[in-house]
Amino acid sequence: MAARKKAIVNDRTELIEALDAIEKEKQISKDIILEAVENSLLAACKNQYGKSENIRVNIDRDTGAVGVYAEFEVVGDEMVEDDILQIGITEAKLKFDENVEVGDVVRKEVTPKNFGRIAAQKAKQVVVQKIREEERKVLYIQYLEKEREVITGVVQRYSGRNVCIHLGKLDAILLESEQVPGEHFMPTEHIKLYVVEVKDTPKGPRITVSRTHPEFVKRLFEEEVTEIQDGTVEIKSIAREAGSRTKMAVYSENPNVDAVGACVGMNGSRVNAIVDELRGEKIDIINWSESPEILIEHALSPALVTLVDADEEEKTARVIVPEDQLSLAIGKEGQNARLAAKLTGYKIDIKCDR
C-alpha cells in the first residue's frame with residue numbers, strides 16, 4: 001500500500017517537473033496546461049457525480065496533488081431546494097465552520113480512490129494535445145509577423161505545377177498562379193517569397209506566398225535600399241507584370257537626394273541585385289510628381305512625350321507623342337501604356353502628333 005501511494009506521489013511530482021521543463025523549453029505556460037487538465041478531469045467527474053455544476057477539480061501547482069471538491073451554497077434551513085447544490089445553515093455550521101453565514105460557499109473534498117492515477121493518465125493526454133495547440137499558436141504568431149514581408153524559403157519538390165517550399169519551421173505551397181511564368185526551381189534552391197497571408201487552421205498555420213505580387217518588388221527594394229529603409233526615399237506607386245516588367249515611382253522630400261539614383265545604386269548595383277532575384281525582369285524607376293501631367297510623362301518613359309492633357313476628375317489623359325515614339329510609348333502588346341496607366345491611375349489615350 002505504501003509503495004502504491006509513493007508511486008502516485010511520484011507521478012504527481014513527475015507531472016509538475018515535466019510541465020516545468022515544457023514551460024522552459026517551449027514557452028508554454030504550466031498554468032495553461034494544468035487548467036486544461038483540471039477541465040478534462042472535471043468532465044470525467046461528471047459521469048460519477050451526475051450533476052457537475054458544484055464539482056471543482058484542483059491541482060496543486062507545486063506538488064501536483066489532485067483534489068476533487070463539491071461546493072455547496074449556504075442557505076436558510078427552510079430554503080434548501082436542491083441538497084446536491086445547497087446546504088442549510090445549521091448543517092453547514094455543524095459540518096464545516098461555526099462562523100459560516102447564509103450566502104457563503106463551503107467545500108467538501110470528494111476525491112475518489114485511485115483518482116491520482118486517473119489524473120496522471122488524463123494529464124498525459126491533455127499535455128500532448130495542449131502542447132500541439134500552443135506550438136501551433138506560437139508558430140501562427142511568429143509567421144503572422146512576417147505577413148506582407150519577404151522571406152527566404154528552400155525549394156523541396158514540385159507537386160504537379162505547384163512548388164513545396166520549406167520556410168524554416170513550416171512548409172508552404174507556391175501555387176502555379178503565384179509563380180512567374182517561365183521560372184523553374186531546383187530542389188534545395190533558396191528563393192525569396194512575398195507572404196500574402198497567414199491563416200490559423202486546425203492543422204496549423206497556412207501561409208500563402210507569392211512571387212508575382214507587386215508588393216514583392218516593393219519589399220525587395222526596401223531591403224536593398226537604405227534610403228527607403230530610413231524613410232528618406234518613398235515608393236509612391238508600383239505597377240507590375242510579373243516576369244516581364246515593373247514600373248515604380250519614387251519620391252524624396254529632401255532636395256539633395258536623388259530618389260531614382262538611390263534606388264538604382266552605383267553602377268546599377270542595387271537595381272541589378274533585384275533584377276537578378278526576379279530572373280531578369282525589367283524595372284523602370286521614375287520620379288513621382290504631384291502633377292498628373294508630369295507623372296504620366298515620366299511613366300511613359302523611355303518614350304519621349306510632346307504633350308499631356310490630364311482630366312483629374314475623370315482620371316483620363318490625352319497624350320501626344322512624336323510619330324517615331326508611338327510604338328515605344330505603347331510598348332510591345334501595349335505593355336508600356338498599360339503599366340503607365342496602372343502606375344498613375346489614369347486611363348491614357350496615346351496619339352501621335354502628325
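Strands and helices here are DSSP runs, numbered from the N terminus, with at least two residues (E) for a strand and at least four (H or I) for a helix. Keep in mind that this is a predicted model, where local features need pLDDT of at least 70, side-chain atom pairs count only at pLDDT 80 or more, and totals for chains, interfaces and linings use all residues. Residues are numbered from 1 along each chain as its sequence is written, and side-chain values use heavy atoms, leaving out hydrogens and water.

**The sheet around S15**
- S15 belongs to an open sheet of three strands, ordered S13-S14-S15, with mixed pairing; two strands pair if DSSP finds at least two bridges between them.
- Strand S13 (307–311) and S15 are the edge strands, each pairing on one side only.
- From one strand to the next, the twist averages 15°.
- S13 and S14 run antiparallel and are joined by five bridges, and Ala-317 in S14 is the bridge partner of Ala-310.
- Helix H9 packs on the sheet and touches S13, S14 and S15, with its direction at about 125° to that of S13.
- Strand S14 (residues 316–321) pairs with S15 in the parallel sense, over six bridges.
- Asp-349 in S15 has Arg-318 standing opposite.

**Cysteines**
- Cys-352 is buried, at 16% relative accessible area, and so is Cys-164, at 5%.
- Buried means under 20% relative accessible area, exposed means over 50%, and partly exposed is in between (1.4 Å probe, protein chains only).
- Searching the whole structure turns up zero disulfides (pairs of cysteine sulfur atoms within 2.5 Å).

**Helix H11**
- Helix H11 (residues 335–344) is largely enclosed by the rest of the structure, because seven of its ten residues are buried.
- The buried ones are Gln-335, Asn-336, Ala-337, Leu-339, Ala-340, Leu-343 and Thr-344.
- Among the elements covering them are S15, helix H10 (326–330) and strand S12 (282–287).
- Just after H11 comes Gly-345, with a positive phi of about 80°.

**Helices H5 and H8**
- The axes of helix H5 (residues 214–224) and helix H8 (residues 269–277) come within 10 Å and cross at roughly 140°.
- Axes are lines fitted to C-alpha atoms, for helices over the stretch in contact, and angles run from 0 to 180 degrees between N-to-C directions.
- On the H5 side, Leu-220, Phe-221 and Glu-224 make the contact (heavy atoms within 4.5 Å).
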